[in-house]
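Please open the structure in your viewer and keep the selection tool at hand.

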Amino acid sequence: MGFEFSLGVFPVIMFFIGYYGLITSKKVITSVIFISLMEMSGIMFFLLLGYRVGMIPPIAPVGDAGFLTYNMEYIADPFPQALMITAIIIGIAVTAINLSMLITLCKQSKTSNWSELKKLYSEGDF
Amino acid sequence: MINILLIFWIISAIFIIREKKIYRMIIFLGIFSLINSAIFLVLGAPDVSLSEAAAGAFTTIFLIICLEKYYGFDESLVVTKKKEKTNFIKALLPIIFSGVLFLLFWYFMPPFTYNSYMKYQYLTYFNQDVGSHNPVTTVYLGYRVYDTLFEALILLVSVVAVKHVSWYSDSYVKDGEHSTIESNPIASYTIRAISPLVLLFGISMISVGLDTPGGGFQGGVVIASFFICRYMIYNVYDIPVKLITLIEKLIFVSIFLIPIFVVFVGLRTLVPETNLVVFQNIYIVLMNSLIGMKVTCGFVILFYRYIVVDRRTC
């Protein structure tokens with residue numbers, strides 16, 4: 001607790017930059033971009049966990065049986081990395097669904113402004 | 001090093017926020033994803049770095065195609081409006097709101113330390129359990145293969161969703177029809193020379209995933225970009241979408257069945273102890289190539305669904 005500086009502050013800053021963009025965005029496509037920013041902050045938070053200066057990637061040399069002779073404190077954790085690879089690929093799929101919904105929305109309502117869409121929705125046209 | 005890169009990361013995001021033109025915003029998003037990729041490399045995650053480099057390129061392509069397609073529909077992009085007077089307090093309010101939320105989050109954030117015994121367990125036993133030299137591949141194909149399975153399911157669901165949402169009956173381009181957008185000859189010949197290398201790079205990235213950074217997800221995205229190159233050379237819509245969807249579903253079923261066989265029956269009961277490492281390596285390469293084919297099919301369908309309606313045809 002308290003305002004302690006650590007590397008974990010940077011992804012939190014990024015999350016709230018994305019949040020600020022989301023509440024001030026006027027077009028639907030910018031909202032899609034800011035959602036992907038917020039998602040990237042989460043991925044960065046997971047990968048920064050347990051980081052130490054001078055960490056090496058978890059790739060064992062061919063011929064060794066794993067990392068048994070290494071100091072395991074300075075080898076990066078493979079578990080969050082394996083989860084975040086799938087998270088990045090899912091991120092593209094989520095962006096693709098958002099954009100295809102956006103194209104259909106623009107074709108039907110001829111606009112992509114949030115305020116005009118709200119007006120259309122309150123009038124009951126859309 | 002990592003602090004400087006993270007500060008650049010924040011600055012590139014502020015550039016995205018402050019930009020008014022959407023095309024420039026998308027280019028800044030590409031720069032943002034490049035910095036991301038560099039940070040992942042410094043953090044000791046080359047697999048994630050490769051994945052992010054490919055994913056950033058794909059996101060940029062999707063956004064630009066989407067913008068080109070809805071440019072004709074959206075009147076507010078074409079017609080310039082009068083500049084509205086922005087109230088100073090009204091513009092300041094969102095900054096104050098999100099800043100206060102950030103400070104609250106920072107104050108109540110638990111100590112940023114992390115000590116996982118799982119890490120030591122994985123790093124000690126991964127070689128004798130699954131027989132690879134890349135623990136990341138071992139985790140997502142060995143210990144946590146059902147997470148990978150549900151990721152593949154989410155990709156399949158998103159492909160089906162995009163296929164159904166983006167369906168227009170009146171403006172459907174038939175198979176074998178050429179695009180109305182003219183292709184640039186210089187770009188076309190350059191891509192024609194490069195594209196076999198892209199395909200080889202993707203295949204090698206899948207096959208080396210056993211021992212070095214790489215694997216099914218990254219190689220699949222690179223091979224999908226080969227099909228984008230193919231569209232840019234010939235400018236023709238001739239991908240059999242129904243057949244590729246069927247192939248994707250069949251690959252999904254085999255991704256479901258092979259781990260069940262390997263996990264519940266067990267390789268140790270089937271093969272002799274002397275040949276165990278060979279069969280473990282075959283399992284890893286087979287699963288990597290299945291995942292690579294599945295990701296390729298998914299992204300090819302997504303890309304061709306986006307370009308199926310040209311801006312000028314509708």
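Begin by selecting B:Leu43 in this predicted model. Leaving aside residues up to four places away in sequence, B:Leu43 touches A:Met44, A:Leu47, A:Leu48, A:Tyr51 and A:Ala76 of chain A, as well as B:Ile2. B:Leu43 also belongs to the largest nonpolar core, a set of 107 residues. Among the members of this core that touch the most others are B:Leu43, B:Trp9, B:Phe32 and B:Phe299. Helix H13 of chain B (residues 276-307) supplies the largest share of the core, 16 residues.

Next, select residues 2-18 of chain B, which form helix H1. H1(B) has 17 residues and reaches 25 Å from its first C-alpha to its last, close to the 24 Å expected at 1.5 Å a residue. Which residues of H1(B) are buried? They are B:Ile2, B:Leu5, B:Leu6, B:Trp9, B:Ile10, B:Ser12, B:Ala13, B:Ile16 and B:Ile17. Turn the view to look down the axis of H1(B): the buried residues fall within an arc of 160 degrees, so they line one face of the helix. On the other side of H1(B), B:Ile4 and B:Arg18 are exposed. To see what covers the buried residues, display helices H1 (9-24) and H2 (28-48) of chain A and helix H2 (22-42) of chain B, which are included in that cover.

Now show helix H3 of chain A (residues 78-109) with helix H10 of chain B (residues 216-234). Their axes are 10 Å apart, and the helices pack at an angle of about 30 degrees. H3(A) is therefore roughly parallel to H10(B). On the side of H3(A), the contact is made by A:Ile85, A:Thr86 and A:Ile89; on the side of H10(B), by B:Phe217, B:Gln218 and B:Val221.

From B:Val221, move to B:Gly202: the two are 19 residues apart in sequence and 7.9 Å apart in space, C-alpha to C-alpha. B:Gly202 lies in helix H9 of chain B (residues 185-207). Is B:Gly202 buried or exposed? Its relative accessibility is 0%, so B:Gly202 counts as buried. Not counting residues up to four places away in sequence, B:Gly202 touches B:Gly219, B:Val222 and B:Ile223.

Finally, select B:Thr60, which lies in helix H3 of chain B (residues 46-70). B:Thr60 has 16% relative accessibility and therefore counts as buried, the cut-off being under 20%. With residues up to four places away in sequence not counted, B:Thr60 touches B:Ile26 and B:Gly30.

Note on methods
Residues are numbered from 1 along each chain as its sequence is written. Chains are lettered from A and ligands numbered from 1 in the order in which they are written. This is a predicted model: local features need pLDDT of at least 70, side-chain atom pairs count only at pLDDT 80 or more; totals for chains, interfaces and linings use all residues. Side-chain values use heavy atoms; hydrogens and water are left out. Helices (H or I, at least four residues) and strands (E, at least two) are DSSP runs, numbered from the N terminus. The expected span of a helix is 1.5 Å times one less than its number of residues. Buried means under 20% relative accessible area, exposed over 50%, partly exposed in between (1.4 Å probe, protein chains only). The arc is that of the directions from the helix axis to the C-beta atoms. Contact means heavy atoms within 4.5 Å. A nonpolar core is a set of buried Ala, Val, Leu, Ile, Met, Phe, Trp, Tyr and Cys residues joined through side-chain atoms within 4.5 Å. Axes are lines fitted to C-alpha atoms, for helices over the stretch in contact, and angles run from 0 to 180 degrees between N-to-C directions. Angles under 35 degrees count as roughly parallel, over 145 as roughly antiparallel, 65 to 115 as roughly perpendicular and the rest as oblique.
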